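Student: I would like to go through some labels and the values behind them. Can we take them one by one?

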Amino acid sequence: MPRQIPYIIGNEACERFSFYGMRNILVPFLISSVLLQYIPAGVDRESAAKDVFHTFVIGVYFFPLLGGWLSDRFFGKYNTVLWFSLIYCAGHACLALFEDSRAGFFTGLFLIAFGSGGIKPLVVSFCGDQFDQSNKDKAKIVFDAFYWIINFGSFFASLFAPLLLRHYGPSVAFGVPGVLMFIATFVFWLGRRQYVNVPPSGADPDSFLAVSRTALLARAPGQGRPGLVIAVLGVAIAVGLLVLWALSLRGMAPGWWPDDFGFVISACLALGVLIAFGGIGTSMQLERARGRHPDAAVDSVRGVLRVLIVFALVTPFWSLFDQKASTWIIQGREMVVPHDSWWWPSWLVMEPAQMQALNPLLVMLLIPFNNIVLYPALRRMGFQVTALRRMGWGIAFSGVAWVAAGVIQLWIDGGDDVSLAWQTLPYTLLTFGEVLVSATALEFAYSQATQSMKGVIMAFWYLTSTFGSLWVLITNAAVRNDAVTASIAGTGYSENAFLMFFFAAFAFVAALAFALYARRYPMQDNYRVA
């Protein structure tokens, strides 16, 4: 096992405590703070807090694109992680200092999204860089340990951050995660002399974008350029979305344009259109790049395009998963904490937000259980436990979790006092799905990318969470429409219950599509040679 791995794992444990510590108290803090006094009429505080939370999550998982590009092109993984970590620390300081200042607090959220997002695609791939063909069998153990330590930090953050907020106020509750982020940065710096530092690729003439551009612009005798037409159409649609957003600011947008589609939703939709149409167009004409770029570069781009389809089908999972820190906390506030029950740990679990600690606790138990018991047992029974099969089943299990949450919501809507302990069921199902999807995807994403594209492919992986939260924002905006609200009322369900079953159905459809695509996906092995 490479001796430098403990520095990376230690850094990740502290960084995850800092991130989840502030993230898991963000919605409860916003609901009760003065920062949401600006919300327009007709929007309740809980809905506004969810919008802020998922906008923040979108930023966290968008900025990996920037971090991956800077690392691969200019600075390398180590330097990029270190510098973005310092920005990350500054963001935590803003949250602790500006609890009553909307400008100061939201600046802190932006800096954390910028810093956290910038390092996200790099720490995992930097960890992978410490391995080669001679010891790649150890990589799976470390990737699992890496994901385990993420949840170790998240577990203690989920337990204690709500208590800090309750007993000591937001300055301390947001300040303690800031201290942990500083420690994380220091631990990472301590290992600087032992790391394997793969140099940045620089201005690569055979980069993903360069090969894609050549493919789209190249002419073939007697053939048109249908891929270019598709890509240009995507650019036009993306520009149109941003123009509609700009017109909405002046009250000039057409009537069918939703009023709640602000810049974040519009920009994310535009980005999704660019990726989708650009990817389709490039795939249609990619063979035209051969001869102008090495075959290995063209094949690498083909591999990335295949991976992007896998990633797109995972985005519904994140729309369900990230709502455990928003929708499920809000549901928990309607439930009864069973302090009178002898088995309930009232001395520790006092707030509904603390139920999130179940997620990392179960992850720490399920990862070794799956590797030691479940997967070997399935293999003995003749089932091939591939990475893609695990991910597909994980998406399906997330849908089952939301069916359970929806049933609990129907119980609450019926007027009964429902014990908070019942949330254990959806948390368990969702966590099992998370282990199958996310822990597996860390190894999958790294192994499918060639060396020059590992940072970027990891950035695209984290972008799946951006689009997961985008679906949540779009849904929240849709249910503020009178016609949609009336349609939901016609079902006999409350808005919360209807949306829970809607997201469950969303996951089931995604799982089916994922399974169909996974059947013909060609797996790659791109660990570096010793």
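Tutor: Start with S116. S116 touches E15, R16, F19, V60 and Y88, leaving aside residues up to four places away in sequence. Contact means heavy atoms within 4.5 Å. This is a predicted model, where local features need pLDDT of at least 70, side-chain atom pairs count only at pLDDT 80 or more, and totals for chains, interfaces and linings use all residues. Residues are numbered from 1 along each chain as its sequence is written, and side-chain values use heavy atoms, with hydrogens and water left out.

Student: Where is S116 placed?

Tutor: In helix 5, residues 102-129. Helices are DSSP runs of H or I with at least four residues, numbered from the N terminus.

Student: What makes S116 count as buried?

Tutor: Its relative accessibility is 0%. Buried means under 20% relative accessible area, exposed means over 50%, and partly exposed lies in between (1.4 Å probe, protein chains only). S116 is therefore buried.

Student: Why is L109 called buried?

Tutor: L109 has a relative accessible area of 7%, so the label is buried. L109 is also found in helix 5. L109 touches M22, L26, V52, F56 and L95, again not counting residues up to four places away in sequence. L109 and L26 are 83 residues apart in sequence, yet 9.9 Å apart in space, C-alpha to C-alpha.

Student: How do you know that S47 is buried?

Tutor: The relative accessibility of S47 is 15%, so S47 counts as buried. S47 lies in helix 3, residues 45-62.

Student: What makes G262 partly exposed?

Tutor: Its relative accessible area is 27%, so G262 is partly exposed. G262 is found in the loop between helix 9 (226-249) and helix 10. The C-alpha atoms of G262 and S248 are separated by 8.5 Å, at 14 residues apart along the chain.

Student: Why are helix 10 and helix 11 called oblique?

Tutor: The axes of helix 10 (residues 263-285) and helix 11 (residues 295-321) cross at roughly 140 degrees and come within 11 Å. Axes are lines fitted to C-alpha atoms, for helices over the stretch in contact, and angles run from 0 to 180 degrees between N-to-C directions. Angles under 35 degrees count as roughly parallel, over 145 as roughly antiparallel, 65 to 115 as roughly perpendicular, and the rest as oblique. Helix 10 and helix 11 are therefore oblique to each other.

Student: What makes helix 6 roughly antiparallel to helix 13?

Tutor: The axes of helix 6 (residues 137-168) and helix 13 (residues 358-380) cross at roughly 155 degrees and come within 7 Å. That angle makes helix 6 roughly antiparallel to helix 13. Residues of the contact include W148 and F152 of helix 6 and M364 and I367 of helix 13.

Student: Why are helix 14 and helix 18 called roughly antiparallel?

Tutor: The axes of helix 14 (residues 387-413) and helix 18 (residues 495-518) cross at roughly 165 degrees and come within 8 Å. The two helices are therefore roughly antiparallel to each other.
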